[in-house]
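Please open the structure in your viewer and keep the selection tool at hand.

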Amino acid sequence: MTAPDRSELQKILSAGVPHEASEAAHEIRAERHGCRATFAALDHVDPSGLAEWCGICGASKDHFTSAGQVNAAATDLHIVAPVSVSGISTFVDNALGAAGKWQVATSAHHAEGAAGDASGYLASWFEAGLRVVSDGIRPRLHCSADPDAWEAFWKAAAQAGLKGNTVVLYGPDFSADAIATQIEAIESLQKNTGVFQSVAPVIYRAEMYGGVQDSLLSTGLEDMRVLAACRLGIPSVPHVRTYYDRSDLKLAHLALAAGADDVEGYMCLDERTPSEDADHTDLSLGEVSRWLGEAGFEGVLREARL
């Protein structure tokens, strides 16, 4: 598939009601993934005990656990605070899962730790078992801010054998042109390196972070426009992810019908009875497949690597 040009992307991002773009994005999604909708069972560890939230996915510290108490049902572990390569064995052992089932901090933390030698630094992490790195939902290293540094880091990550999850930022501070610039940068880098396994639209304003508060910075129509533009404008990236804890569950259903094929967010991993599920606003692991099935999708539990 050929990605739309700049004028076509701007048209998608400015459409009053993006029916045509959403339908086209859904066709691509259905062709590649059928009715399959993947999701991960996330758990979090904060070795420092200082983090307020997970920079990778946005979960609050209320959902963090200790290294010795990681839920056995977890298929994806986020190690929140940046730690050294030599220190990773303190937090990752057989109890935390096999290589490839965990991430450490974000691409910005790794770029800072590399201190100019990203290839060697990231190769060491690969040898330690790291397989996936994410820009995170509040990226300090991103193509919207410093495209040259962002591109250099991800080229080094590809050389080291890592895969990545990147984001397209949108909201009040981003024009259609600024969003299109990000989409083109991601598609160009992906065509050259194949480093990204997923892309996710993320609402961003520098002075805010608060889940639902941030989600109020956009309308549902804007969310659909950006999601469709990501799927249509970045055909080289196989997966489009939506963070359902950043909006509401109905909007997540709509996202899956407008190009997304993977959903990620906090869920309760402990076993709960149906009556206990009814008393909570969060989803439990047992509920996710049913919730996805309500919208006509087949929920598939995945590990960190899609």
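**First stop: strand β9**

Select residues 239-243, which form strand β9; this strand is mostly covered, with five of its five residues buried. The model is a predicted one.

Now display the side chains of this strand. In a regular strand, side chains alternate between the two faces of the sheet. On one side of β9 lie H239, R241 and Y243, on the other lie V240 and T242, and both faces are covered.

Which strand pairs with β9 over two bridges? It is β8, residues 196-203, and the pairing is parallel. Within this pair, S198 stands opposite H239 of β9. Then select residues 262-264, strand β10, which runs parallel to β9 and is joined to it by three bridges. Here Y243 has E264 of β10 as its bridge partner.

Strands of a sheet pair through backbone hydrogen bonds, either parallel or antiparallel. Show β3, β2, β4 and β5, which form an open sheet in that order with parallel pairing. Why is one side of β3 and of β5 left without a neighbour in the sheet? Strands β3 (64-65) and β5 (102-104) stand at the edges and each has a single partner strand, so one side of each has no neighbour in the sheet.

Select β4, residues 76-79, and follow its pairings. With β5, strand β4 pairs in the parallel sense over three bridges.

Select residues 147-160 for helix α6 and residues 176-193 for helix α7; they pack at an angle of about 30°, with their axes 11 Å apart. An angle under 35 degrees counts as roughly parallel, and α6 and α7 are therefore roughly parallel to each other. The crossing of α6 past α7 is right-handed.

To view the contact, display W150, E151, W154, K155 and A158 in α6, together with A185, I186, L189 and T193 in α7, which they meet. The residues of this contact of α6 with α7 comprise six nonpolar, one polar and two charged.

Helix α1 passes α7 in a right-handed crossing.

Finally, display the residues that meet here. From α1 they are R6, L9, Q10, L13 and S14; from α7 they are A176, D177, I179, A180, T181, I183 and E184. By class, the contact of α1 with α7 holds six nonpolar, three polar and three charged residues.

Definitions and conventions: Residues numbered from 1 in each chain as written. Predicted model: local features only at pLDDT ≥ 70, side-chain atom pairs only at ≥ 80, totals over all residues. Heavy atoms only, no water. Pairing = 2+ DSSP bridges. Helix = DSSP H or I, 4+ residues; strand = E, 2+ residues; numbered from the N terminus. Axes fitted to C-alpha atoms, helices over the stretch in contact; angles between N-to-C directions. Parallel < 35°, antiparallel > 145°, perpendicular 65-115°, else oblique. Left-handed = near helix turned anticlockwise from the far one by under 90°. Contact = heavy atoms within 4.5 Å. Nonpolar A, V, L, I, M, F, W, Y, C, P; charged D, E, K, R; others polar. Buried < 20%, exposed > 50% of the residue type's maximum accessible area, 1.4 Å probe, protein only.
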